Amino acid sequence: MIFKFAAILLIACGSTFTAYATTLTISPAIGAQQVGQPFDVSVSVSGLDSLNDLYAYSFDLAFDPTAFKVLTANDGTIFDYGGNTGLYFGGAIDNTLGFVTAESGLDINGSFSGTGGLLGRFTFEALQPAASATIAVQNVSLSTLAAASSLAPPDIDPGTLPLATLSAANVTTVPEPGAGALAVLAMAGAVWIRRRRRNGSPLHYLH
C-alpha cells in the first residue's frame, strides 16, 4: 500500500513538472546560394526556461573556407527587450581556416525572461560552385545568471548542435528581351547601310 501511494504521488508531481528542451537552430539549414552574392546565416536559440534566465552565451562557427567566406559577424538581439540593449561581441573571423570564434552576448540587466531569440547573424559569400558545403555551430556556452555570477561552468544544455549544408552555383544571366531586340535591329541596320554603300545607292534619311 505504501509503495502504491508513493507511485501515485510521483505521478502527480511529475504531471506538474515542465521539461525545457533548449534547441539551437541555424538558418538556412539547406539551400542553394549564388557565387559572388552575399547571403545571411542566422543562429537562434529556443526552448529556454523563462524562470532560469539565460544571462550569457558564446559560440563558434566552422565553415568550408574553399566554398565560403564570412564578410561580417553581426550581433544578436536576444537581450534587447523592454528598452534594454544587451552587450554583444562580434566573433573573430578567420577566412583562411574557416572559423568565426567567440560570437557572444551578455544580459547586462540580468533580467531576461524570454524563451528564445537571435544569438548572431553572419553575412557570407560563396566563392565557387559547391555541392554540399557545411556551416556548423560549435563550442556553445549558455549560462544562467546564477552560474555566471559564481564563475561556475555553463549550466544550460544546448542540445544537439545544428549544421547547415548548402550548395553554391554560378550566376547565369539572361539578356532582357528589349536589349536583345535593340541589338538585332542595330546589326540589321549596319548591314543595310554597308550594302547600300557598296551598290552606290544614296542613303535617304527620314526627317
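Colleague: Which residue in β10 does Ala56 stand opposite?

Modeller: This is a predicted model, in which local features need pLDDT of at least 70, side-chain atom pairs count only at pLDDT 80 or more, and totals for chains, interfaces and linings use all residues. Residues are numbered from 1 along each chain as its sequence is written, and side-chain values use heavy atoms, without hydrogens and water. Strands (DSSP runs of E, at least two residues) and helices (H or I, at least four) are numbered from the N terminus, and two strands pair if DSSP finds at least two bridges between them. Strands β4 (residues 54–63) and β10 (residues 130–144) run antiparallel, joined by 8 bridges, and the residue opposite Ala56 is Ser143.

Colleague: How many bridges join β10 to β11?

Modeller: Strand β11 (residues 163–169) runs antiparallel to β10. Ala136 stands opposite Leu163 in β11. The number of bridges joining β10 to β11 is 5.

Colleague: Is Ser104 buried or exposed?

Modeller: Ser104 lies in strand β8 (residues 99–106). Its contacts (heavy atoms within 4.5 Å) include Tyr57 and Phe89, not counting residues up to four places away in sequence. Buried means under 20% relative accessible area, exposed over 50% and partly exposed in between, with a 1.4 Å probe and protein chains only. At a relative accessible area of 14%, Ser104 is buried.

Colleague: What is the relative accessibility of Leu151?

Modeller: Leu151 is in the loop between α2 (145–149) and β11. Its phi is positive, about 60°, although Leu151 is not a glycine. Leu151 counts as exposed, with a relative accessibility of 78%.
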